[in-house]
Amino acid sequence: MAAHRKPRQRPLTGPAARTAATLTLAGAASATAFQGVGQAAPRLTPAQVKAQVDKLYQEAETATEKYDGAKEKTAASEKSLRSLRDQAARRTEQLNTARSALGSTASAQYRAGAIDPSLQVFLSSDPAQYLDRAAYVERVGDQQAAEVTGVRRQIGQLAQLHSEADSTLSRLRTQQAGLKKQKTTVQSKIRAAEALLSRLSASERSQYESQGGSRSGAQSGSLGADRSAAAQAADRSAVRGPVAAPGSRAARAVAFAYSALGKPYVWGATGPSSFDCSGLTQAAYRSAGVSLPRTTYTQINSGQRVSRSELAPGDLVFFYSGISHVGIYVGNGRMIHAPHPGAPVRLAPIGQMPFAGATRPVAGT
């Protein structure tokens, strides 16, 4: 009886193969399309977009302040490293000169030969003159011993300089890595915010940017409906005239802030054409001859702390629990600040963000 065998399948060729491939690709494309529909991002309301964008910008600003701090430390380390290397170069030159002088003395002694002092007195035609010369040679020997000690000391100092330079270089590389990390964080937050803003209509985005991303607490159905009572009260009080600063340096800082109105926000910038928030306040007081540290969390400790009720023009006002934003108070419940990317330096009520504290960099002068 013949064995039953399964017929052997022949590979598809020609038109049949092309047809099968087409069907396979079509099936894959359909599956991908259904997956895409299932994973499509939900439609957000303008208020929801604003809430998420505000959060992303706040996180970006926190990362920016860390970036600014790391950048400042990196610059200090670079300066220290240059100084150490300059010192090492000078010490090396001095050491080489001292070594050369010692070498010349040693060579001269070798050429003169070593003769027993008593024999030199015996052979000398003028023993008195020899004794005078011997005393001089002894003094020269003492000087040479001091020079040897000096060279040894210079070698030790040079080794210490090289050790400090190596340590500074290691610290610098760590800071540079941190700087790169913070830069990446800032950029990713800003890109995410911009992607969300792209979902808004042109008029909605214009409204958001005109408000500077006012970041108060509650959210509701429209972009303009989340203003707090404190912010609205500050706006009403802002119709009053300007308030004089308590001192000339504070007045110059306020004047600088007014002159910066309209300039773009650029993270990490300290002027003169663009600023981030702490870069603006630092530049304003630098124009008044006052040196402020670079970051919000260090600026809040510069000067005298003041309460919200005691605010005067020129005071620095800080926001959020992490002290991640700062502006310069100009009176009537308003400040000038650099809000975030896309929002230039502007006037704003201090009630639009969670108030964290204030400091007065200069007192009455």
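User: What is the strand order in the open sheet, and how do the strands pair?
Analyst: Keep in mind that this is a predicted model. The open sheet has six strands in the order S1-S6-S2-S3-S4-S5, and the pairing is antiparallel.

User: Which strands stand at the edges?
Analyst: Those are S1 (304–306) and S5 (346–349). Each has a single partner strand, so one side of each is left without a neighbour in the sheet.

User: How much are neighbouring strands turned against each other?
Analyst: On average by 40°, with direction ignored.

User: How many bridges join S4 and S5?
Analyst: Four, with strand S4 covering residues 334–337 and pairing with S5 in the antiparallel sense. Within S5, Pro 349 is the residue opposite Arg 334.

User: Now the helices. Which strands does H7 lie across?
Analyst: Helix H7 (residues 248–259) lies across S3 (325–331), S4 and S5, and runs at about 110° to S3.

User: And H8, which strands does that one lie across?
Analyst: Helix H8 (residues 277–286) lies across S2 (316–319), S3 and S4. The angle of H8 to S3 is about 45°.

User: Why does Tyr 258 count as partly exposed?
Analyst: Because its relative accessibility is 32%, and partly exposed covers the range between under 20% for buried and over 50% for exposed.

How values were computed: Residues are numbered from 1 along each chain as its sequence is written. This is a predicted model: local features need pLDDT of at least 70, side-chain atom pairs count only at pLDDT 80 or more; totals for chains, interfaces and linings use all residues. Side-chain values use heavy atoms; hydrogens and water are left out. Two strands pair if DSSP finds at least two bridges between them. Helices (H or I, at least four residues) and strands (E, at least two) are DSSP runs, numbered from the N terminus. Axes are lines fitted to C-alpha atoms, for helices over the stretch in contact, and angles run from 0 to 180 degrees between N-to-C directions. Contact means heavy atoms within 4.5 Å. Buried means under 20% relative accessible area, exposed over 50%, partly exposed in between (1.4 Å probe, protein chains only).
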